[in-house]
Amino acid sequence: MLTVGMIGLGAMGEHMARNLANAGYLHALYNRTTAKADKLGQELNVTVAQTPEALAADVDIVCLCVSRDEDVLAIIHTIKKTIRQNSVVIDMSTVSNHTAKQAAAFLACCNVDFLDAPVSGGVEGAKSGKLAMMVGGDSAVLEKVRPILTSMATRIVHIGATGSGQATKAVNQIMAAGINQAVTEALAFALAQQLPMDKVIDVISGGAASSWFLQNRGLSMTENHYPAGFKVALHQKDLAICLQMGHDSGVSLPLTLQTSDDYQQLIAEGLGECDISALYCLKTNLKTK
Ligand code: NAP
């Protein structure tokens with residue numbers, strides 16, 4: 001059986017690691033903040049690597065789920081020194097398609113395959129192992145690791161060449177920005193109409209205007225509660241990637257630009273670590289608890 005190491009145990013990575021462990025693949029963990037890795041490693045009874053290099057030397061497949069482009073590239077540079085030939089690096093972070101191509105090129109020099117495999121489905125999807133995964137890279141490499149990925153995702157789609165998984169994730173993030181605008185604006189309107197918010201969310205969740213976001217974030221946002229799910233600062237980072245890609249390809253993205261500006265305001269108000277449903281605060285002029 002192929003052995004897997006997981007780097008990055010944040011809101012998403014911790015659940016991914018648990019699912020890899022439940023399926024019997026997880027061999028080693030690494031997290032920058034070591035206390036998290038120590039705790040989870042003890043619970044799952046797997047090796048806790050002290051460095052990314054040590055982890056890469058010890059497994060067949062390296063999975064990553066870290067924050068930003070520079071974090072992915074820093075880890076790729078580091079593990080290049082020790083990674084086993086013919087192993088595979090699977091990056092499930094959301095970064096630019098350009099970063100995916102750079103990472104693949106760095107690793108190709110050491111005979112290591114790379115897949116960009118960003119995910120959608122939120123922390124809930126990571127926990128239940130029901131993520132949607134969009135994959136760029138060699139389809140034969142995807143087939144080799146597909147049994148491992150099915151422990152984390154139920155829908156795994158090969159999109160095309162390296163970077164196409166991240167380009168598809170950019171499409172997802174543009175949609176998520178628009179959905180956030182639509183749901184928070186509509187619920188702010190419902191509040192102004194003095195409607196019973198729980199009933200409004202209940203009935204609309206059963207109709208054509210329903211969405212994952214309304215169903216999973218509607219009630220909590222109307223209670224002025226924004227628990228860490230998908231952080232404003234992370235979506236803001238993704239929208240910068242989308243806006244750059246749109247600019248490069250001559251596509252205007254007005255709703256994405258508006259959402260990016262709104263997130264900048266939330267970040268300036270100290271809400272960057274809140275879930276993106278905190279946009280409801282701006283629409284209603286609420287202060288967070
Ligand atoms: P998170 O909770 O902020 O966790 C980020 C993880 O990356 C942490 O383990 C952090 O380590 C690690 N990290 C950050 N910079 C690093 C570096 N330079 N070197 C090593 N480790 C580093 O983020 P998340 O919500 O899990 O998201 C992770 C990725 O998945 C992001 O790219 C995000 O856009 C994407 N994503 C998130 C969601 C969601 O709903 N949350 C959904 C789909 C995709 P520390 O513990 O030391 O901080």
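Before you click, know that the model is predicted: local features need pLDDT of at least 70, side-chain atom pairs count only at pLDDT 80 or more, and totals for chains, interfaces and linings use all residues. Residues are numbered from 1 along each chain as its sequence is written, and side-chain values use heavy atoms, with hydrogens and water left out.

**Stop 1: helix 8**

Select residues 164–192, which make up helix 8. (Helices are DSSP runs of H or I with at least four residues, strands are runs of E with at least two, and both are numbered from the N terminus.) The expected span of a helix is 1.5 Å times one less than its number of residues. For the 29 residues of helix 8 that gives 42 Å, and the end C-alpha atoms are 42 Å apart, so the two agree. Now go to Gln194, which follows helix 8 and has a positive phi, near 60°.

**Stop 2: the ligand**

Zoom in on some atom pairs here. A polar side-chain atom of Thr33 sits 2.5 Å from a ligand oxygen. Ser67 uses a backbone N or O atom instead, 2.8 Å from an oxygen of the ligand. For Lys231, a side-chain N or O atom is 2.8 Å from a ligand oxygen. How much of the ligand's accessible area does the protein cover? It covers 89% of the 900 Å² that the ligand has on its own (areas are from the Shrake-Rupley method with a 1.4 Å probe).

**Stop 3: the largest pocket**

A pocket is an open set of points on a 1 Å grid over the protein atoms alone, with protein on both sides within 12 Å along at least five of seven lines; a cavity is a set where a 1.4 Å probe fits but cannot get out, and lining residues have an atom within 4 Å of a point.

The largest pocket has a volume of about 1300 Å³. Select Met12, Thr94, Gly229, Phe230 and Leu234: of the 50 lining residues, these are the closest to its centre. Helix 8 gives the most to this lining, with seven residues.

**Stop 4: the second largest pocket**

Stay with helix 8, which provides six residues, the largest share of the lining of the second largest pocket. About 190 Å³ of space lies in there. Helix 8 and helix 9 (197–205) are the elements that give two or more residues.

**Stop 5: the cavity**

Searching the whole structure turns up one cavity of 30 Å³ or more. The volume of the largest cavity is about 40 Å³. Among the residues lining it are Thr94, Gln166, Asp238 and Met245. Which elements give two or more residues to this lining? They are helix 8 and helix 11 (232–249).

Conventions: Points joined across faces, edges and corners; volume = space filled by probe spheres on them. Polar contact = N/O pair within 3.5 Å; in protein donor to acceptor, adjacent residues only side chain to side chain.
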